[in-house]
Amino acid sequence: MARKPSDFKVADVYADWCPGCGDFGIMNGLQMAFADLGLEPHQIVLVSGIGCSGKEPHNVKCYGVHTLHGRTLPFAMGIKAANPNLEVVAIGGDGDGLGIGAGHFVNAGRRDLDMTYIIHNNGVYGLTKGQASPTLRRDVQTKALPRPNINDPVNPIGLALISGFTFAARSYAHDVRHLRDTIKQGVQHKGMAFIECLQPCPSYNNITTKAWYSGEDRKDAQGKPQSRLYKLDEAGFDPVVKDWSEDFKRKVAALEKAQEWGDRIPIGVFYKNELEPTFQERYSKRIPFYISKPPAKQKLCDDNGYSHVDLTQFLEELKTS
Ligand code: SF4
């Protein structure tokens, strides 16, 4: 049965983000992408951390876990490792994923499970009243800061590339069709996909606002705003690694694009490499029945709660691997 975005809406939950928050666009992008991909709600697990973004699983009809601050990825990777047949999407804020969760971010890249991680990037800790997040640029003073930010920012795409993510992309919360298509590409990618989603926070970030991204402050002679965002595919950028010999070149090109900010900000896919074997593929070589009989599908105990995990087959496989 063909699915519609409305099939992924949750009727009895009120989305209590501030009016104009980019989180609404990200919620819509997720619902549209899941519908277009023909997924059923029971096939998807959405895992969030702490922050305004943490409420995404409340508002999308599928399995959901709203977990601890910075621990989005360990939960999500555990779910994917236990049941590789599920479509797992981890979602969190820039503070959650690139501050307290930065170590998990790096290790998620090097593990390369076949799943997706989306970061809402608004440059502030919105839920706790607008402190500078790890992506806020140095010398920028958003309205909750008593003085300009003294620290340099993390570059999310750059960190994803050097950590080993095999898909790195950026989209924008108020371009929902682009976001939908980017999420679809991330979910369909074979390997660990990272998507940075630029997201205005109208309550606490008065610098990178919706009007700033759309260029309301720099109109042309006809009075038309000149958007700061441009699409990499329309600019002829090719992110796909087709042969290992070109991997380094594609990574360098992606890093150069990831440095662009200010008057021209690229969105789209920066890097994509499906030549790398995923965690599931590497693990299946060691445990051949891993996909057909993953841990989540094994019976762990009898009706009285006594374990009857039979490790015989597992131990035999280990001996011969
Ligand atoms: Fe959105 Fe910012 Fe409000 Fe949080 S504080 S809901 S990020 S507008």
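Reader: Where does threonine 116 sit?
Author: In this predicted model, threonine 116 is in strand β4, which covers residues 116-121.

Reader: Buried or exposed?
Author: Threonine 116 is buried, at 1% relative accessible area.

Reader: And what is threonine 116 in contact with, leaving aside neighbours within four places in sequence?
Author: Val88, Val89, Ala90, Gly186, Val187, Ala193 and Ile195.

Reader: Switching to the ligand: which residues surround it?
Author: Trp17, Cys18, Cys21, Cys52, Asn122, Gly126, Gln199, Cys201, Pro202, Ser203 and Tyr204.

Reader: How does that shell split by class?
Author: The shell has 7 nonpolar and 4 polar residues, with no charged ones.

Reader: OK, salt bridges. How many in the whole structure?
Author: A search finds 21. One of them pairs lysine 55 with aspartate 16, with the closest N and O atoms 3.1 Å apart. That pair links distant parts of the chain, 39 residues apart: lysine 55 is in the loop between β1 and α2, while aspartate 16 is in the segment before α1.

Reader: What about lysine 319?
Author: Lysine 319 forms a salt bridge with glutamate 316, at 3.0 Å between the closest N and O atoms. The two are about one helical turn apart because they are 3 residues apart in helix α11. Lysine 319 counts as exposed at 64% relative accessibility, whereas glutamate 316 is partly exposed at 40%.

Reader: Which residues make the nonpolar surface patch of about 250 Å²?
Author: Leu311, Leu315 and Leu318. Leucine 318 is in helix α11 too, residues 312-320, and is partly exposed at 37% relative accessibility.

Technical notes. Residues are numbered from 1 along each chain as its sequence is written. This is a predicted model: local features need pLDDT of at least 70, side-chain atom pairs count only at pLDDT 80 or more; totals for chains, interfaces and linings use all residues. Side-chain values use heavy atoms; hydrogens and water are left out. Helices (H or I, at least four residues) and strands (E, at least two) are DSSP runs, numbered from the N terminus. Buried means under 20% relative accessible area, exposed over 50%, partly exposed in between (1.4 Å probe, protein chains only). Contact means heavy atoms within 4.5 Å. A residue is near a molecule or strand if one of its heavy atoms lies within 4 Å of it. Ala, Val, Leu, Ile, Met, Phe, Trp, Tyr, Cys and Pro count as nonpolar, Asp, Glu, Lys and Arg as charged, and the others, Gly among them, as polar. Patches are made of residues with over 30% relative accessible area and no salt bridge: like charges are joined within 9 Å, nonpolar side chains (Val, Leu, Ile, Met, Phe, Trp, Tyr) within 5 Å. Accessible areas come from the Shrake-Rupley method with a 1.4 Å probe; for residues, only the protein chains shown count as cover. A salt bridge is a side-chain nitrogen of Lys or Arg within 4 Å of a carboxyl oxygen of Asp or Glu.
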